[in-house]
Amino acid sequence: MTAAASLAAPSLRRRMASWLYEAFLLFAIGLIAALVFSVAVDMRNAMDARRWLLQGFLVLVFGVYFSYLWSKGQTLPMKTWRIAIVDRHGRRITQGRALLRYVYCSMWFAAPLAAYAAGRFNLRELAVVAAGWVAFWALLSRFHPQRQFWHDAWAGTRLVDAG
């Protein structure tokens, strides 16, 4: 296999299947982390004035999860779908680069969070905005020369076939 072929992006279908699997896994991780946080600070309901602390805690937990596992090469969903993450040259990424990718990955949620913050949309409309934005962001990879996601290009990473 040539060096260029070994750095080719997996199909968009496989990347999105891995993304969906990751969402289910993160839901479970988020529930456990929220439970631990709520017990630790005696937070009894979602309207507690300290909910911003919980949100920050979840961002931190997810950041640690992704930066650690990406620096090892794969998350569980990525292993399942035979996808690995490497730098531009095909080497394992550092935790710093993984953390940078985590920050850039926030683009997946930029429009839905902005729509939520506007407070003008009901739950069904927010779901449509979220689904539309995810589809739009994923399809933008078609315009990247190597068909990578743009947040990977910005972070100096790439998703490749893991074999």
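**View 1. Helix 6 and helix 7 are roughly antiparallel to each other.** This term is used for angles over 145 degrees, and here the two helices, helix 6 (110-118) and helix 7 (residues 123-139), pack at an angle of about 160°, with their axes 8 Å apart. Axes are lines fitted to C-alpha atoms, for helices over the stretch in contact, and angles run from 0 to 180 degrees between N-to-C directions. Helices (H or I, at least four residues) and strands (E, at least two) are DSSP runs, numbered from the N terminus. In helix 6, Ala110, Ala111, Pro112, Ala115 and Tyr116 meet Leu126, Val129, Ala130 and Trp133 of helix 7, where contact means heavy atoms within 4.5 Å.

The model is predicted, so local features need pLDDT of at least 70 and side-chain atom pairs count only at pLDDT 80 or more, while totals for chains, interfaces and linings use all residues. Residues are numbered from 1 along each chain as its sequence is written, and side-chain values use heavy atoms, with hydrogens and water left out.

**View 2. Cysteine 105 lies in the loop between helix 5 (95-104) and helix 6.** Cysteine 105 is buried, with a relative accessible area of 13%, buried being under 20% relative accessible area (1.4 Å probe, protein chains only). Leaving aside residues up to four places away in sequence, cysteine 105 touches Trp70 and His151.

**View 3. Strand 1 (residues 83-87) pairs with strand 2 in the antiparallel sense over five bridges.** Two strands pair if DSSP finds at least two bridges between them. Isoleucine 83 stands opposite aspartate 161 in strand 2. Because four of the five residues of strand 2 (residues 157-161) are buried, this strand is largely enclosed by the rest of the structure.

Terms used
Buried < 20%, exposed > 50% of the residue type's maximum accessible area, 1.4 Å probe, protein only. Parallel < 35°, antiparallel > 145°, perpendicular 65-115°, else oblique.
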